[in-house]
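I opened the notebook to record what I looked up in this model. The entries follow the structure below.

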Amino acid sequence: MDSLLLLEQALNGLTLGVMLFLMAAGLTLIFGVMGVINLAHGSLYMIGAFAGATVTARTGSFALGMLAGMAASALVALALELTLIRRLYARDHLDQVLATYALILIANESVKIVWGPQPIFLGTPEAFGGSVEIIPGVPYPAYRLAIIGTGLAAAAFLWWLIARTRLGMLIRAGTTHRAIVQALGVNIQALFALVFAIGGALAGLAGMMAGPLLAVQVGMGEQILILTFVVVVVGGLGSVRGAMAGAVLVGLVDTLSRAVLPVAVREVLPPSAADQVAANLGAVAVYLLMAVVLAIRPQGLVPRHA
Amino acid sequence: MSCTRRDLLGASAAVPLALATPALAQSGPIRIGMITTLSGPGAALGNDIRDGFNLVVKNAGGRLGGLPVEVVIADDALRPENGRAIAERMVRRERIQVLTGIVFSNVMLAVAPVVLPAATYISANAGPSQLAGEACHANYFNVAWQNDNLHEAVGQYVTQQGKRRAYLVAPNYPAGRDALTGFKRFFRGEVVAEQYTRLDQLDYAAELAAIRTAGPEAVYIFLPGGLGINFIKQYAAAGLRERVPLYGPGFSFDQDVFPAVGEDALGCFNSSQWALDLPVPANRQFVDTFEREYGRLPSLYASQGYDAALLIGSAIAATRGRVGDRAAFAAALKRADFQSVRGRFRFGNNNHPIQTIYMREVVKDEKGRIVNRTIGTAFEDHQDAYAAQCKLT
């Protein structure tokens, strides 16, 4: 395999990683601050994509669709926090998993009632429809570069929010010293609701950004949720920086294993068997990575209080 | 979790006493069990089969073959164990004698041992090789296709087009491997690679880069449902659509998918036993009434549900409603005495179709909608590869 192709595949891995980061950031933020395992994060992703696709179709503007998708997910997240999630903070993770799993089922059926069982359309925005020759001789879809840009912008925004603002300070303090923050007169319930809404908005953004490349359909959230959990575990539960590191690593391992293995296995096995063996190895690569990280660094690559 | 819904069709239609035959003495409509997938990622398929089937019943005022029927619908949620539980309830408790509707082969294989000893099953979609070959059954009919047929057709067509190097992509599971086997059965050129992908794969960038580097003359995909949507969108975005023609079975290129992929599917080629524009009177009526009733264009799945209802109706008429007389009912089904929307249609020895498989191209019609246009035939009177292993005559 020549080096240009390898470089392109690495870029592909980075795109997938950034897409996963947008999902993982919200999930890990919510876990880090409130200690809630939110399985319904995938549902917020789905709602963002459906709402965004609908607004994009009506107005013709992808940017408006993106705002609408983020707003819809944030509002649904806020409503969920106020009615259900805040009752779960004090309960153990099993109860949280059970309740948020129920939310997945409810969300899927609700979306089906509103939009029907058929997948809906969300196209690539005009401005990013073409390709850019970022690597000589390899036309690379501009939209994939836009995803990388959006992901980096979201990461920068989160860093600024958490490290440089008063709200971020409260979030950090609330994570470690919840009782003291409360004693100082901070409305911790409002803070948590806000964090949950921010997590929802990030999921909505991820859904909207993924829409032009992936099927916008009922159940789309669960497909990406599994990889997202791998990212969060690899990166370190509750750590946004860990989510970034984990997402890029998972994206690269997943893509490169699919790119390199078929070629490599063909060197040692006859073609008829090689394709099958490569596929089987590629399918477990990401989970193998997770197992190795858990064995060597059970707290994840960049743990929360490192 | 299996939500059951009953569409009581034509129950209110009074049965004139003069028409009631002795076999109908127990009275009430003939009940037809429909086990199909109405939730989860496969919901759009089951939805279309159900709507196509119900359309025939509705057009005839709640009747099939001249007699009132009640379609009992249940959702298997794409889970074989659900399908099996529903089948047990329908066949053993509710004593339903005629069943249909299953979308997926894994559900079909779980349900067959429950249904076939005690009832007749007419498949409107799933066509696993077992039930066409050694495990074929006098009470099992498939009105759609054997699973391999549409893949075989593209293999044949790509060969006819003089393409010598083909790149194949399918998910790494039994149906995916079977699909590529079907393609290779009739493809005479070189298979550049068989790329097996994950069943939950989202991003195909790695595979697309490999395809561009390999430079094949044709790419064949079997990626059902959302997988296909992901692939088609990304294939177009990577600029490959203009460089290497994309082929697939009709499953990835029909009205259930077009609204989601839009213009990204234009110019792709696919195979099907049915097409929107087939110049058959029964088809014109089907497409018109379907669009009027549901406000959307039918897919091949809808055509299969519609034909299943027509077939069942023909056998109900021939046996005058004695659906419990399984030998007579099966004999009537086997005659396939109905106007199929795909034109000529008959059953082979294994109760699977012998039929023409068409090639279609995805185009924009005069109203600007994304549709399939028939461009030729891959096979005429095509029979599946397993018929010889079936002992039925």
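I looked up contacts in chain B between residues at least 6 apart in sequence, and 72% of them join residues at least 24 apart. Two residues are in contact if their C-beta atoms, placed from the backbone, lie within 7 Å.

I note that this is a predicted model, in which local features need pLDDT of at least 70 and side-chain atom pairs count only at pLDDT 80 or more, while totals for chains, interfaces and linings use all residues. Residues are numbered from 1 along each chain as its sequence is written, and chains are lettered from A and ligands numbered from 1 in the order in which they are written.

I checked burial next: 60% of the 393 residues of chain B count as buried, meaning that 20 or more other C-beta atoms, placed from the backbone, lie within 10 Å of the residue's own.

I took the extent of the C-alpha trace of chain B, which spans about 70 × 45 × 40 Å along its principal axes.

I turned to one pair of strands, as DSSP runs of E of at least two residues, numbered from the N terminus. In chain B, strand 14 (residues 353–364) and strand 15 (residues 370–382) run antiparallel and are joined by 9 bridges; strands pair if DSSP finds at least two bridges between them. Opposite Val362(B) I found Asn372(B), in strand 15 of chain B. The hairpin of these strands has 5 residues between them, and Gly368(B) takes a positive phi near 85° there.

Last, I looked at the two chains together: 32 residues of chain B are in contact with 37 residues of chain A.

Notes
A residue is buried if 20 or more other C-beta atoms lie within 10 Å of its own, exposed if 12 or fewer, and partly exposed in between; C-beta atoms are placed from the backbone. Helices (H or I, at least four residues) and strands (E, at least two) are DSSP runs, numbered from the N terminus.
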